[in-house]
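Colleague: I would like a close look at a single part of this model. Please keep the answer plain.

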Amino acid sequence: MTTLVIANHDNAELHASTLNTVTAATQVGGDVHILVAGSGAAAVATQAAQVDGVAKVLHADADQYKDGVSIEVANLVVSLAGDYSHIMAGSTTSGKDMLPRVAALIDSSQISDIMAVDSADTFKRPIYAGNAIATVQSSDATKVLTVRPTGFDAAGVGGSAELAIIEGPAADGTTSVVGRELTVSERPDLGAADVVVSGGRGVGSAENFKIIEGLADKLGAAVGASRAAVDAGYMPNDYQVGQTGKVVAPNLYVAVGISGAIQHLAGMKDSKVIVAINKDEEAPIFQVADYGLVADLFEAVPELVEAL
Amino acid sequence: MKVLVPVKRVIDAYVSIRVKSDGSGVDTDNVKMSLNPFCEIALEEAIRLKEAGVATEVVLVSVGAADIETVMRSGLAMGADRAIRVDADNDIEPLAIAKILKHVVETEDAGLVITGKQSIDGDNNQTGQMLSALLGWSQATFASEVVIEGSSAKVTREVDGGLETIAIPMPAVVTTDLRLNEPRYPTLPNIMKAKKKPLDVVALSDTGVDATKRQTIINVSPPESRSAGVIVGSVAELVDKLRNEAKVI
């Protein structure tokens, strides 16, 4: 039994979600291999070889893998699939984009977004925005799984796995990335941050989000937003926390001006400590908050920044 | 160009989910059902392509028992030209759905498939990608903008770090994210007209797909609940609790 973990990376660095995915793979039992498909990504392969619990790193370096185009990466994974009992990728946008292709091409019924490994063929996953947890057993010979990063601790670093250079199939070449508008931020990555400060519709405008950012910077936190705030145009979609956005589980989650719709709670209720600041004492967010402050955010947040 | 829009009936997004006490699943009896919100966005995009003269026909397709026809009619009321229901159980796995859709795409000779990125019940986020792989078509998931230029398309995608724009050849499977458009509400005259639009039923056996389940749902349970904590009286008290009780700052 061997699990292949597809590394998520930007050709320079291994994305933190890969470490959580490796932990899920080690819980299955058997060996763990990591596939690094990239272009000029030798540093990522070296980094992957140091992840605890990894026996082997497969490194495919070619132009077609530069932008992580799902068709190219999936074709490579399919060419390797015969050697593996389990194939896993993190539930990031790239994992979600790519892995179902692999599942379809090897005729395996994928299990998405697993949050616990019960045994080598049985997994827990959230359904209905996390309002129910399904325990699912797979009968497929090769299990194809995306892994919710917040469900598993990050694997440690300090190992030294074997590093193998491999060649993939010929490039498909049909899809090209022609533009990227990536959010540039000095703040920590939302999915991996220890502290997250999120704002909702109550923040009132894109301009007012500076208040949220000010608190985040004071706490060394990532900034998030509710779907309502994203829909209202206050923040870009990649800040969205919730069922249809990112799922986070930081040590401290501060929800400011967020009412707490179930779709939002789905993305943050596994946080260790939740603080809610809202002027509406009836807001559902207070039902999941460890510490609630019923107050006008425009007064309370600056006061909080001052007090920290 | 004919556009195929696969849709799914789901428990309405504003209904609170009740897990059955025997752990067999989620209670769907007497619960309001709706079109999956991401599928509505897909349908809206297809209708706009037809209004712009890019698409010639919008065909709605869904897989399930006769009780899904009510929400399919609301899709027809939004503006789909006709609908196809593949008669099957309501809980078929995404891989089998993708195989069934492949059959429909080929039978209909469609040139574009637009569907939701995920359904809000199973939250699987698989079907579009699987269909693209099975058809050997281009794939553009999590779309926030779709521009079709003859035999190619540019699609802007919502990715973890921001936005990414890809250029792809047609035909393609596109899956929709939230910000692609705002779906219209059907008007009363269109709701009336929708009752007369064709809704064909195809037997699962006619698609040649083996929809046998590969997965067993062993149990469905409510999530661990989180109890409400305390309401603090002031910012100073909050800081004190975070520092000395929770020890997170």
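Which residues in H3(A) meet which residues in H4(A)?

Modeller: This is a predicted model, so what follows describes a prediction. Two packed helices are described by the angle between their axes and the distance between the axes. Here the pair is helix H3 of chain A, residues 70-80, and helix H4 of chain A, residues 93-105. They pack at an angle of about 45°, and their axes are 9 Å apart. Angles under 35 degrees count as roughly parallel, and 65 to 115 as roughly perpendicular. H3(A) and H4(A) are therefore oblique to each other. Their crossing is right-handed.

Now to the residues you asked about. From H3(A), the contact takes in A:Ser70, A:Ile71, A:Val73, A:Ala74, A:Asn75, A:Val77 and A:Val78. On the H4(A) side, they meet A:Asp97, A:Met98, A:Arg101, A:Val102 and A:Leu105. Sorted by type, the residues of this contact are eight nonpolar, two polar and two charged.

Chain A also takes part in a sheet that includes a strand of chain B. Four strands form this open sheet, in the order S6(A)-S7(A)-S8(A)-S12(B), with antiparallel pairing. From one strand to the next, the twist averages 30°. For S12(B), the pairing is with strand S8 of chain A, residues 132-138, in the antiparallel sense over six bridges. One example is A:Ser138, whose bridge partner in S12(B) is B:Gln215.

Key. Residues numbered from 1 in each chain as written. Chains lettered and ligands numbered in written order. Predicted model: local features only at pLDDT ≥ 70, side-chain atom pairs only at ≥ 80, totals over all residues. Heavy atoms only, no water. Axes fitted to C-alpha atoms, helices over the stretch in contact; angles between N-to-C directions. Helix = DSSP H or I, 4+ residues; strand = E, 2+ residues; numbered from the N terminus. Parallel < 35°, antiparallel > 145°, perpendicular 65-115°, else oblique. Left-handed = near helix turned anticlockwise from the far one by under 90°. Contact = heavy atoms within 4.5 Å. Nonpolar A, V, L, I, M, F, W, Y, C, P; charged D, E, K, R; others polar. Pairing = 2+ DSSP bridges.
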